[in-house]
Amino acid sequence: MASPTKIKLAAAHSAPIYMSKSATLAKAINLIHAAARDGVSLLVFPETYVPGYPYFIECYPPLKQVAALAKYAEESVVVDEDLDGVVEACRQTGVSVVL
């Protein structure tokens, strides 16, 4: 029986730059590089890290949320367009991420 492989994983206890996809992704890339320096193999980010948790959906009636929802959609990640920097950071460092 092969001995189990050990990996170091970490949870990114980090707040996003709320409603700023580009700033939050830049922050995530910096955290990936920092995790690599600490020997982390797997870095897990919080749910809705980009663009942040849409707290307003629980605070206001739907018709008062229209502008905020439009901005939220605009700042949400489009996988084929927005993650090149994250992918490259993972490739450079060998760190896998859940984002």
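**Charges, pairs and overall form**

Modeller: Let's start with one side chain: at 32% relative accessibility, glutamate 88 counts as partly exposed, where buried means under 20% relative accessible area, exposed over 50% and partly exposed in between, with a 1.4 Å probe and protein chains only. This is a predicted model, in which local features need pLDDT of at least 70 and side-chain atom pairs count only at pLDDT 80 or more, while totals for chains, interfaces and linings use all residues. Residues are numbered from 1 along each chain as its sequence is written, and side-chain values use heavy atoms, leaving out hydrogens and water.

Biologist: Which residue forms a salt bridge with glutamate 88?

Modeller: That is arginine 91, with the closest N and O atoms 3.0 Å apart; a salt bridge here is a side-chain nitrogen of Lys or Arg within 4 Å of a carboxyl oxygen of Asp or Glu. Arginine 91 itself counts as exposed, at 59% relative accessibility.

Biologist: And how many salt bridges does the structure hold?

Modeller: It holds three. In one of them, the side chains of aspartate 82 and lysine 21 meet at 3.0 Å, N to O. This pair links distant parts of the chain, since aspartate 82 belongs to helix 3 (residues 79-82) and lysine 21 to helix 1 (residues 21-37), 61 residues apart.

Biologist: Is lysine 21 buried or exposed?

Modeller: Lysine 21 is buried, with a relative accessible area of 14%, whereas aspartate 82 is partly exposed at 21%.

Biologist: What about glutamate 75 and lysine 71?

Modeller: Their side chains also meet in a salt bridge, at 3.2 Å from N to O, and they lie four residues apart in helix 2 (residues 66-75), so about one helical turn separates them. Glutamate 75 is buried at 12%, while lysine 71 is partly exposed at 34%.

Biologist: Changing topic, in what order do the elements run?

Modeller: From the N terminus on, they run β-α-β-α-α-α-β, which gives four helices and three strands; these are DSSP runs numbered from the N terminus, helices being H or I of at least four residues and strands E of at least two.

Biologist: What does the C-alpha trace span along its principal axes?

Modeller: It spans about 60 × 25 × 20 Å. Of the 99 residues of the chain, 27% count as buried.
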